[in-house]
Amino acid sequence: MSAAKIDIAVFISGRGSNMEALIEACSAPDFPARIAVVFSNDPDAPGLEKARAAGLQTAAINHKNYDSRETFEDAIIETLAPFDPQLICLAGFMRLLTPHFINHYENRILNIHPSLLPDYKGLHTHERVLADGKDQSGCTVHYATAKMDEGEIITSRAVPVLADDTPATLAARILQQEHIAYPQALKIAAEKILHNS
Ligand code: GRF
């Protein structure tokens, strides 16, 4: 008999390598989540094709067709409704979500960020870490709140910063850890939902 699973939605804007790590994790019979839909704000996001190739449902809504963040978010909420996701995993989703959306899915949105939060919120994390001469960085998975890159931390993984690192080499080293951290964090969050239901 296969284990109980919650339905999740994965949000992407680009290549979707974190999404692929989640797809792989969810393929295990005893993993407590299954991907009901992969959503993107960019209909041309390369990750959408990877999701379809894995047999997943996809949906895309171009944010450029909406005159406000809230009307765009209403369209997402309507699109997600039939899938009834119990968690949303933001995985390289590059649109800022307002309280309008965040409150609709309160405590049910996870985000991955390529730094050791609470340090280096926002964009250009690797450039800033290198400019500050830090000797370590990493990635963090946390619950999303209305404030960017804040919210309860579920897990984080550190990597060393090497003397000859560029933003690209540091990003690549961290990305490897993201692919471990996100499935671990999703498992923790999904099991919490299953135990409370
Ligand atoms: C990751 O580094 C993620 O932490 C950041 O954007 C990147 C997305 O990569 N927010 P991918 O689309 O998952 O490959």
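These numbered points describe the ligand and its pocket in a predicted model.

1. Start with the surroundings of the ligand. The residues around it are Arg15, Gly16, Ser17, Asn18, Gly92, Ile112, Pro114, Leu175 and Glu178. Sorted by class, this shell holds three nonpolar, four polar and two charged residues.

2. In arginine 15, a side-chain N or O atom is 2.5 Å from an oxygen atom of the ligand. Serine 17 also uses its side chain: one of its polar atoms lies 2.5 Å from a ligand oxygen. Asparagine 18 takes part through its backbone, with an N or O atom 2.8 Å from an oxygen atom of the ligand.

3. On its own, the ligand has 360 Å² of accessible area, and the protein covers 84% of that. Two elements each give two or more residues to the shell, namely helix H1 (17-26) and helix H6 (167-196).

4. Where does the ligand sit? The ligand is in the largest pocket. This pocket contains about 970 Å³ of space.

5. The lining of the largest pocket consists of 39 residues. Those nearest the pocket centre are Gly92, Phe93, Met94, Ile112 and Pro114. Of these, Gly92, Ile112 and Pro114 also belong to the shell around the ligand.

6. Which element supplies the largest share of the lining of the largest pocket? Helix H6 does, with five residues. At least two lining residues come from each of H1, strand E5 (109-113), helix H5 (125-131) and H6. By class, the lining of the largest pocket has 18 nonpolar, 14 polar and seven charged residues.

Note on methods. Residues numbered from 1 in each chain as written. Predicted model: local features only at pLDDT ≥ 70, side-chain atom pairs only at ≥ 80, totals over all residues. Heavy atoms only, no water. Near = heavy atom within 4 Å. Polar contact = N/O pair within 3.5 Å; in protein donor to acceptor, adjacent residues only side chain to side chain. Areas by Shrake-Rupley, 256 points an atom, 1.4 Å probe, with all protein chains shown as cover. 1 Å grid on protein atoms, 1.4 Å probe; cavity = no way out; pocket = protein on both sides within 12 Å on 5 of 7 lines; lining within 4 Å. Sits in = over half its atoms within 2 Å of the grid points. Helix = DSSP H or I, 4+ residues; strand = E, 2+ residues; numbered from the N terminus. Nonpolar A, V, L, I, M, F, W, Y, C, P; charged D, E, K, R; others polar. Points joined across faces, edges and corners; volume = space filled by probe spheres on them.
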